[in-house]
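Here's a quick walk through one protein chain, from overall layout down to single residues. Keep the 3D view open as you read.

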Amino acid sequence: MGEPAGRALRADAERSVRAILEAAERVLAEDPGASMEQIAAAAGVARTTIHRRFANRQSLIEALALSAARQLARAVDDGRPDTAPPLVAMHRITANVLQVKGAWAFALELPADPDSEAATLQQDIDRRCVAVLTRARTEKLIDESTDLDWVRRVYYALIGESLRGSPDGSDPDALAARIIETLLHGAGPRA
C-alpha cells in the first residue's frame, strides 16, 4: 500500500482503504482491465484518494491480493486447525473458506509473487491444511497410505468447483458438509 510499513492507519483511513479494496474486488472481477478511476467511482472516493493510498494500479492489486490472503488465513485460524477435532476443524475451515473465496474470488486467483507476504500466507495455509489432514488420518478418517498433499489438492479443487457450480447464496455449511463427505467418502456406495 501507499502507507509506510509498520505505520497504523487512522480509523477513517482504514475505512477508506477497505472501501477501495472491496470496490476493486467487485470492479476487477467484472472487468480485469478496469481503471483506477472506475475503482474510485465504485468505492465512492476521489481518484486522488486511491493514488494517495496506492502508488499505482499494481500496488493496489498487490494490496488486494494481500488483504484477501490475510482474510483466508483468518478463516483457517477461526476453524482452530490445531485444537478442534479434525472433522470439526475441517468443516468449520471449509465453511469459512467458502465465504472468503466467494467474496474475494478475483483477488485470490491473482498469482502471488513468490517472495510476497501473500505467497507466504498461502504456503502456511497449505501446511496447516496438511496438518489437519494428518490429524484426520491419525483418527482413521483417512487411509494411512494416502498421499496427504494429493488429498489437499483434491480438497482445494472441491472447494473451487463448489464455488463455480453453486448458485449465489448457497449455504456455506451445507456446501462444507458436501465437500467433506465427498473428500472422505467419495462417490462410492456406503458400507
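## Ground rules

Buried, in what follows, means under 20% relative accessible area, exposed means over 50%, and partly exposed is anything in between (1.4 Å probe, protein chains only). Helices (H or I, at least four residues) and strands (E, at least two) are DSSP runs, numbered from the N terminus. Contact means heavy atoms within 4.5 Å.

This is a predicted model, where local features need pLDDT of at least 70, side-chain atom pairs count only at pLDDT 80 or more, and totals for chains, interfaces and linings use all residues. Residues are numbered from 1 along each chain as its sequence is written, and side-chain values use heavy atoms, with hydrogens and water left out.

## Overall layout and confidence

The protein chain has nine helices and zero strands, so by the DSSP definition of these elements the run from the N terminus reads α-α-α-α-α-α-α-α-α. Its C-alpha trace spans about 65 × 35 × 25 Å along the principal axes. Of the 191 residues in the chain, 40% are buried. Among contacts with a separation of 6 or more, 67% are between residues 24 or more positions apart.

On confidence, pLDDT is the predictor's own score for each residue, from 0 to 100. The chain's mean pLDDT is 89, and 93% of its residues reach 70 or more. Over residues 1-6, though, the pLDDT is below 50, and this stretch has nine contacts in the model beyond near neighbours in sequence. Where pLDDT is low, the predicted coordinates should not be read in detail.

The expected span of a helix is 1.5 Å times one less than its number of residues. Helix α1 (residues 11-30) has 20 residues and reaches 29 Å from its first C-alpha to its last, close to the 28 Å expected. Its buried residues are A13, S16, V17, I20, L21, A23, A24, E25, V27 and L28. The cover over these buried residues includes α2 (36-43), α3 (47-53), α4, α5 and α6.

Helix α5 has 18 residues and reaches 26 Å end to end by C-alpha, close to the 26 Å expected. Buried here are P86, A89, M90, I93, T94, A95, N96, V97, L98 and V100. These buried residues pack against α4, α6, α7, α8 and α9.

## Helix α9 and the segment after it

Which residues does A176 touch, leaving aside its neighbours within four places in sequence? A176 sits in helix α9 and is in contact with H91, T94, A95 and L98. The C-alpha atoms of A176 and H91 are separated by 5.8 Å, despite 85 residues along the chain. A176 counts as buried because its relative accessible area is 0%.

L184 is also in helix α9, and it is buried, at 18% relative accessible area. Not counting residues up to four places away in sequence, L184 touches L87, M90, L141 and I142. From L184 to Y155 is 29 residues in sequence and 9.7 Å in space, C-alpha to C-alpha. In the segment after α9 you'll find R190, which touches E181 and H185, with residues up to four places away again not counted.

## The largest pocket

Rolling a probe the size of a water molecule over the atoms shows where empty space is left. A pocket here is an open set of points on a 1 Å grid over the protein atoms alone, where a 1.4 Å probe fits, with protein on both sides within 12 Å along at least five of seven lines; lining residues have an atom within 4 Å of a point. Volume is the space filled by probe spheres set on the points, which are joined across faces, edges and corners.

The largest pocket has a volume of about 1000 Å³. It is lined by 43 residues, with K101, G102, L108, I159 and L163 nearest its centre. Helices α4 (57-78), α5 (86-103), α6 (105-109), α7 (117-138), α8 (148-165) and α9 (172-185) each supply at least two lining residues. The lining divides into 30 nonpolar, eight polar and five charged residues, where Ala, Val, Leu, Ile, Met, Phe, Trp, Tyr, Cys and Pro count as nonpolar, Asp, Glu, Lys and Arg as charged, and the others, Gly among them, as polar.

## Two positive phi values

Most residues other than glycine have a negative phi. R80, in the loop between α4 and α5, has a positive phi near 50°, and at 42% relative accessibility it counts as partly exposed. K140, in the loop between α7 and α8, has a positive phi of about 65°. K140 is exposed, with a relative accessible area of 68%.
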